[in-house]
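Q: I'm new to this one and would like to learn how to read it. Can we go through it together?

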Amino acid sequence: MRERAKNETNPLARGLATLYAWLHLIDAKLGIPIPTIKSQRMFAIILLACQTGITFTGALVRVTGSGLGCNTWPECHPGSLFPTAGAAPWIHQAIEFGNRLLTFVLIVAAAVTFMALIRAARRPLVLHMAFLQGLGIIAQAVIGGISVRMDLTWWVVALHFLPSMLLVFFAAVLVIRVGEPDDGERVNLMPGAITALTHGSAVTLALVLMTGTLVTGAGPHAGDEAILPEHRLQFPLIEIAHIHAHAMYLYLGITVGLLAALFALQVGRKLKVTALWLVGAIVLQGMVGIIQYWLGVPEWTVPVHVLGSGLTTLVTGLLWAQRQRLLGGDATHTGSPSADAKLLNTVDYQSTV
């Protein structure tokens, strides 16, 4: 009721509600089947996997020096949307152009997820989260283009990475929220103190990611061979690496404390398992970071560390979303009472024919 009241007084919410209503009508006119809550969750998981995976391919672009394999945007080279023979080494063009193509795969995954939720007439919060995923992907494409046009300036590249992690985090939250019935009752699954630790874990993760981009900005992998050391962040790499490591220790400490509290209070098994996975992901990330520090950041470690960042962000988002859930409710088929009624009426009608 509170969410509905806010929507009635908020012009932006009213505008989005109108947009969703029109899209729902179009879906219905096209005869698109109403997806079950299981199908919706599968689409959301695919979107989450794509959001996480594209950070890995982006790291491959950086570590192979392919960032300017396509030296302009939205074209690959001036006058051509596609790689041009001789404009850059073919392997650099293939890696950078391939990463750009994956953006379209990501857009399709976001669009399918959003339209499935629209067809199922899900609650506004879920629709807003899916809609923002699409907007975020478009914004990321623009930021990526700006980074190319600015010759991979370190701070623009950092601004390109951080929103990716934000999209991964909220894609993970979307996976949890999609699985809840819209007519359920919101229940806090953690006491206030543990909820504070959960928020603290998410905040310290943001600190870890931000300091990590500074390490990358000062490090040896600039994203293209033409970028000289003087174009990098002018800060001692060892010092910024130590700052990043201390942020990771803080993140690990808070998460271990959260895990201990969850086990001490005998909360649900899913929360414990998610927290265990998170601690494991942080420890593995720390090990990769130590290897990078002692071996001078070998190339193979960069994509591994970036993928680990995405996975750690993913699990943090899952744990953060599970602090409270919508439980109970009767909309167990599609998650939406209205869509459930339509689906069940259709089944009842077909059974009588």
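This is a predicted model: local features need pLDDT of at least 70, side-chain atom pairs count only at pLDDT 80 or more; totals for chains, interfaces and linings use all residues.

Q: How many helices and strands does the chain have?
A: There are eleven helices and two strands in the chain. Follow the sequence and you get the pattern α-α-α-α-α-α-β-α-α-α-α-β-α.

Q: How do I describe two packed helices?
A: You give the angle between their axes and the distance between the axes. Take helix 3 (residues 37-63) and helix 4 (residues 90-119): they pack at an angle of about 165°, with 9 Å between their axes.

Q: Which hand does the crossing of helix 3 and helix 4 have?
A: Helix 3 passes helix 4 in a left-handed crossing. Sorted by class, the contact between helix 3 and helix 4 has 16 nonpolar residues, seven polar and one charged.

Q: What about the overall size of the chain?
A: A compact globule of 353 residues would have a radius of gyration near 20 Å, and the chain has 22 Å, so the two agree. Along its principal axes, the C-alpha trace spans about 70 × 60 × 40 Å.

Q: What share of the residues is buried?
A: Buried residues make up 46% of the 353 in the chain.

Q: And how far apart in sequence are the residues that touch?
A: Look at contacts between residues at least 6 apart in sequence: 79% of these join residues at least 24 apart.

Note on methods
Residues are numbered from 1 along each chain as its sequence is written. Side-chain values use heavy atoms; hydrogens and water are left out. Axes are lines fitted to C-alpha atoms, for helices over the stretch in contact, and angles run from 0 to 180 degrees between N-to-C directions. Helices (H or I, at least four residues) and strands (E, at least two) are DSSP runs, numbered from the N terminus. A crossing is left-handed if the near helix is turned anticlockwise from the far one by less than a right angle, and right-handed if clockwise. Ala, Val, Leu, Ile, Met, Phe, Trp, Tyr, Cys and Pro count as nonpolar, Asp, Glu, Lys and Arg as charged, and the others, Gly among them, as polar. The radius of gyration is taken over C-alpha atoms; the globule rule is 2.2 Å times the number of residues to the power 0.38. Buried means under 20% relative accessible area, exposed over 50%, partly exposed in between (1.4 Å probe, protein chains only). Contact means heavy atoms within 4.5 Å.
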